[in-house]
Amino acid sequence: MATPLHITNPPLVCWNCHERTIGTHFCPGCGKLLQLPQGSDYFAMFELPRKLWIEMSALEQKFLQLSWKLHPDNFVGATEQERGISLQRSSELNDAYRTLRDPIARVEYLLAIEGTRKNGENKQQAPPELLEEVFELNESLDELREAKAEGSDTALLRHRLDEAEKNFEQKLSEVDGLLQSTAREWDAAIDASAEGAARKKIMAQLNDLLNRRSYIRNLVVNVQKELL
Ligand SMILES: [Zn+2]
């Protein structure tokens, strides 16, 4: 695969041989482990474009290769500086892998580095189209808490909440489906070198979907806790 054009690492001067280098990990001139260039990101660490579809087996393979190369064990006899770089880069690599292999964390991260991630203004606020259902859910939760406190029969309430939970799980998977299709739109926009406005629009959609997802996810977790 050719090196994607979107990787715009600024040129870096090797700390050892002081040559300008475009290496991502090692200096092509002297072979020393490089510090991570400023403005680098998790995608660049894996030499990937900022796209949301990532082939998992290739990512894992690259991770294993890199973690072997960057591993502090390889630098036991090296200078303190090199050991420091190796440690730092190994831990950054782990963070990058953990983030990129998780589809949701990947979207969060992309929006963060593109500067467009905005958490919901008010995390307690339900998306308008869910208001009614959320209201009903909260009522059932209150009733269950009361019934528990009074020691009365909870079977019926539990059943109702079970159904509500399934309903919200269903909505969660709808949001996940939308996230997937919007992620494909993002990748197509990158491939087409779409202009800023088009990209921003897709990013705003991704951002809303992430907020919606985290809102529904919290609901489901709350119901599960109460049903335990
Ligand atoms: Zn060098």
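The buried residues of helix α6 are covered by elements that include α4 (103-113), α5 (131-150) and α7 (196-227). Those buried residues are Leu157, Leu161, Phe168, Val175, Leu179, Ala183 and Trp186. Buried here means that 20 or more other C-beta atoms lie within 10 Å of the residue's own; exposed means 12 or fewer, partly exposed in between, with C-beta atoms placed from the backbone. Helices (H or I, at least four residues) and strands (E, at least two) are DSSP runs numbered from the N terminus.

This is a predicted model, in which local features need pLDDT of at least 70, side-chain atom pairs count only at pLDDT 80 or more, and totals for chains, interfaces and linings use all residues. Residues are numbered from 1 along each chain as its sequence is written.

**Helix α6**

Helix α6 covers residues 155-191, 37 residues in all. The expected span is 1.5 Å times one less than the number of residues. Serine 193 follows α6 and has a positive phi, near 45°.

**Whole chain**

The protein has seven helices and two strands. Along the sequence they run β-β-α-α-α-α-α-α-α. Of the 228 residues, 17% count as buried.

| Property of the protein | Value |
|---|---|
| Radius of gyration | 24 Å |
| Span of the C-alpha trace along its principal axes | about 75 × 45 × 30 Å |

The radius of gyration is taken over C-alpha atoms, and the globule rule is 2.2 Å times the number of residues to the power 0.38. Two residues are in contact if their C-beta atoms, placed from the backbone, lie within 7 Å. Among contacts between residues at least 6 apart in sequence, 58% join residues at least 24 apart.

**Domains**

The protein divides into domain 1 (12-101) and domain 2 (128-227). These bounds come from an automatic or database domain assignment. The domain centres, taken over C-alpha atoms, are 37 Å apart. Five residues of domain 1 and four residues of domain 2 make the contact. On the domain 1 side there are three nonpolar, no polar and two charged residues.

**Confidence**

pLDDT is the predictor's confidence in each residue, from 0 to 100. The protein averages 89, and 93% of the residues score at least 70. Over residues 1-9 pLDDT stays under 50. For this stretch the model has 12 contacts beyond four places in sequence. Where pLDDT is low, the predicted coordinates should not be read in detail.

Notes. Ala, Val, Leu, Ile, Met, Phe, Trp, Tyr, Cys and Pro count as nonpolar, Asp, Glu, Lys and Arg as charged, and the others, Gly among them, as polar.
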